[in-house]
Amino acid sequence: MKKYNFNAGPSMLPREVIENTAKQILNFNDSGLSLMEISHRAKDFQPVIDESVALIKELLDVPQGYSVIFLGGGASLQFTQVPCNLLHTKAAYLNTGVWAKKAMKEAKLYGEVLELASSEDKNYTYIPKDWTCPADIDYLHVTTNNTIYGTETRFDYDVPVLMVGDMSSDIFSREVDVAKYQCIYAGAQKNLAMAGVTVIIIKDDVLNKMTRPVPTMLNYFTHVDKGSMFNTPPVVPIYSALENLRWIKKNGGVKAMDKLAKQRAELLYGEIDRNKLFRGTVEEADRSLMNICFVMQDEYAELEKEFFDFATSKGMVGIKGHRSVGGFRASCYNAQTIEGVEALVSCMKEFEANH
């Protein structure tokens, strides 16, 4: 039986990315050594870093004056590293979910944090809209896609300051105006690569400007200056990112990824809205194209486990919703196919017909 992977993260990757990475794990660049055992300073590996950086800059149209680095620690480390490097006195955060709230908590260790707006009052089922960004802050932090709740902002705000963007789960799924940000970070295990590497795009003129001491390993300048080689980088995840970046470019770049994301979402949200058994969980205007969340209608709530078991028997993997929301979540990152979404829609239709 064919499996369809809807896991929220670590998530599915294109099959050719997995296969090409596996080949290099067995024999990297015909060296007779595994990618898992080569030195990160080997002459054969530096081109992997160089091409990955070049592709990120090309695919996102990164302007001059920005650097790209690869670090460990996931987005969670960036919750601390961003304010450590960039928060001089005061920063503002949009509280749109658990991850934004965690980022705010860490930022308070370094300076004043303004909660500019929050959707916590309705369990983060919408993106706040009635807010004004002050001009006297060091940055505005936004989480562009909220994996747990299924909300997303697929545009870049016009504000009087440069932003910081946590794009862990929607990077490379749409065009981004990088010039509006002083820093963009993304844990790779959603839409870019296997788990274990974080991509940071940082504006060069904000580097090394902090007056207080910054630990060497937390200082962005340390890693920019050494080309992500200050300490041992996660070699295999970076290589898998390279293969995925090549795949994105070969398949039309972020414009094509955006088009596919909209097609997948139209199919699945269309069925959620049509099917008498299900309903979406977030305001329609703020629905994520990456993480599509839905629950049983109240009158059919007792069928939740039965539908989960039914869908699982049909090959649907990872559709259980986050414990704080319940219901179901179908993650539709770049690698998700139209075929996979159609299979889930057919499953929902068949379950409806049976009841």
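Q: Is Cys183 buried or exposed, and what is its relative accessible area?

A: First the idea: buried means under 20% relative accessible area, exposed means over 50%, and partly exposed lies in between (1.4 Å probe, protein chains only). Cys183 has a relative accessible area of 0%, so it counts as buried. Keep in mind that this is a predicted model, where local features need pLDDT of at least 70 and side-chain atom pairs count only at pLDDT 80 or more, while totals for chains, interfaces and linings use all residues. Residues are numbered from 1 along each chain as its sequence is written, and side-chain values use heavy atoms, with hydrogens and water left out.

Q: How many disulfides are there?

A: A disulfide is a pair of cysteine sulfur atoms within 2.5 Å. By that rule, the count here is zero. Take Cys133: its nearest cysteine sulfur belongs to Cys183 and is 16 Å away. For Cys183, the nearest cysteine sulfur is that of Cys84, 12 Å away. Cys133 is also buried, with a relative accessible area of 9%.

Q: What does the whole chain look like in numbers?

A: Let's start with secondary structure. Helices (H or I, at least four residues) and strands (E, at least two) are DSSP runs, numbered from the N terminus. This chain has nine helices and 14 strands. Its C-alpha atoms fill a box of roughly 65 × 55 × 30 Å along the principal axes. Of its 355 residues, 55% count as buried.

Q: Which radius of gyration does the chain have, and what would a compact globule have?

A: The radius of gyration is taken over C-alpha atoms, and the globule rule is 2.2 Å times the number of residues to the power 0.38. With 355 residues, a compact globule would come out near 20 Å; the chain has 21 Å, which agrees.

Q: How do I describe two helices that pack together?

A: Two packed helices are described by the angle between their axes and the distance between the axes. Axes are lines fitted to C-alpha atoms, for helices over the stretch in contact, and angles run from 0 to 180 degrees between N-to-C directions. Here, the axes of H6 (residues 235-250) and H7 (residues 253-274) come within 7 Å and cross at roughly 80 degrees. That makes the two helices, H6 and H7, roughly perpendicular. As for cut-offs, angles under 35 degrees count as roughly parallel, over 145 as roughly antiparallel, 65 to 115 as roughly perpendicular and the rest as oblique.

Q: Which residues of H6 and H7 meet?

A: Contact means heavy atoms within 4.5 Å. On the H6 side you'll find Trp247, Ile248 and Lys249, and they meet Gly253, Val254 and Met257 in H7.

Q: What should I look for in the backbone?

A: Most residues other than glycine have a negative phi, and most peptide bonds are trans. In this model, the bond from Gly9 to Pro10 is cis, with omega near -5 degrees. Pro10 sits in the loop between strand E1 (4-5) and helix H1 (15-26).

Q: Where are Asn208 and Ser228?

A: Asn208 is in the loop between E10 and H5, and Ser228 is in the loop between H5 and H6. Asn208 has a positive phi of about 60 degrees although it is not a glycine. Ser228 isn't a glycine either, and its phi is positive, near 70 degrees. Asn208 is partly exposed, with a relative accessible area of 47%, whereas Ser228 is buried, at 3%.
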